[in-house]
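Reader: I have a chain up on my screen and would like to talk it through. Could you take my questions as they come?

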Amino acid sequence: MHSKVVIIGSGPAGHTAALYLSRATLEPVMFEGLFANGFAPGGQLTTTTDVENYPGFPEGIMGGEMMDKFREQSIRFGTKIITETVSKVDLSTRPFKFWRENHEDKEPDTADSLIIATGAAAKRLNLPGEEIYWQKGISACAVCDVVGGGDSAAEEATFLTKFGSHVFVLVRRDKLRASKVMANRLLSNPNITVLWNTIAIECKGDGNVLNLLITKNTKTGEIKDLPINGLFYAIGHVPATDLVKGQLKLDSDGYVITEPDSTCTSVDGVFAAGDVKDKRYRQAVTSAGSGCMAALECERWLSEHLPE
């Protein structure tokens, strides 16, 4: 199969790119993945519940339902969606070559241009009980307790005080990695308690929801029970860039490097959109915005490089 443009990934970035490209009659093909990066088609949002900060949904919407609507709109305008995972790419020559999972020994599919929208996944601690209570009190979306000590943890903990009566922040060392401004804001908040030299070692609940976190002091070894209503991981994300490692320029954390104010990557004709290139905002709306950018830049690139 040869395509003018192939989109790898099916989150807000991928579907927004698909919508713009299909309306431009470029017949985009999307490989939405089959549990690629550990997610169902639709990406991280399929694992969340209420989404209340995306414009157009005044009553809020479930994450999975929102991604279903994105998918329906892509299809309506002509996007061809393939529920398979791209496991290998060759960006050394054009047209670009790529292989589907479990078909790496077959002839590759090809594309004149690619949009990489494979997203990122929140780092997890893989604690005992975590799988039982994931999305039942444990998540990487702000809920109640925060594990982490960087700027992201400090920012999320401060934000959470607007919704929870009290927030505990678990820090494995005796100091924060956060900037001085963020650290001061965190430590001066009366609704936040920082538990120094503390790690989580087990998650417990009633079988339906999380209600207890077992903690351990890293210096004394003391084990304590911490009654909680939720646990939020703020220990960073891992971008899904193994597919392009060694072929596209990545930063020290593995995110795709794009030109300033652009989705253009280090390889001409390859664009990156969404969380795979964004470690600062990581929001559905910013991902959708960069998907729009990628589509417009890809459309322009194709008009310049393909014969009429």
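Predicted model: local features only at pLDDT ≥ 70, side-chain atom pairs only at ≥ 80, totals over all residues.

Reader: How many bridges pair β7 with strand β8?

Author: Strands here are DSSP runs of E with at least two residues, helices are runs of H or I with at least four, and both are numbered from the N terminus. Two strands pair if DSSP finds at least two bridges between them. β7 and β8 (residues 109-116) run antiparallel, and the number of bridges is 3.

Reader: How many of the 5 residues of β7 are buried?

Author: Buried means under 20% relative accessible area, exposed is over 50%, and partly exposed is in between (1.4 Å probe, protein chains only). β7 covers residues 96-100 and is mostly covered. The buried count is 4.

Reader: Which residue does a cis peptide bond join to arginine 94?

Author: Most peptide bonds are trans. Here omega is about 0 degrees. The residue sits in the loop between β6 and β7, and its name is proline 95.

Reader: Is asparagine 102 buried or exposed?

Author: Asparagine 102 lies in the loop between β7 and β8. Its phi is near 70 degrees, a positive value in a residue other than glycine. With 63% relative accessibility, asparagine 102 counts as exposed.

Reader: What is the phi of asparagine 126?

Author: Asparagine 126 is in the loop between β9 (120-122) and α3 (130-133). It is exposed, because its relative accessible area is 57%. It is not a glycine, yet its phi is positive, at about 55 degrees.

Reader: Which residue takes a positive phi in the hairpin of β15 and β16?

Author: β15 (residues 210-217) and β16 (residues 223-227) run antiparallel and are joined by 5 bridges. Isoleucine 214 stands opposite aspartate 225 in β16. The hairpin has 5 residues between the strands, and the one with phi near 80 degrees is glycine 221.

Reader: Which residues does threonine 241 contact, leaving aside its neighbours within four places in sequence?

Author: Threonine 241 belongs to the loop between β18 (237-239) and β19 (270-272). It counts as buried because its relative accessible area is 3%. With contact meaning heavy atoms within 4.5 Å, its partners are Leu250, Gly254, Val256 and Val276.

Reader: Zooming out, what is the radius of gyration of the protein chain?

Author: The protein chain has 6 helices and 19 strands. The radius is taken over C-alpha atoms, and the globule rule is 2.2 Å times the number of residues to the power 0.38. That rule gives 19 Å for 308 residues, so the chain is as compact as a globular protein of that length, with a radius of gyration of 21 Å.

Key
Residues numbered from 1 in each chain as written. Heavy atoms only, no water.
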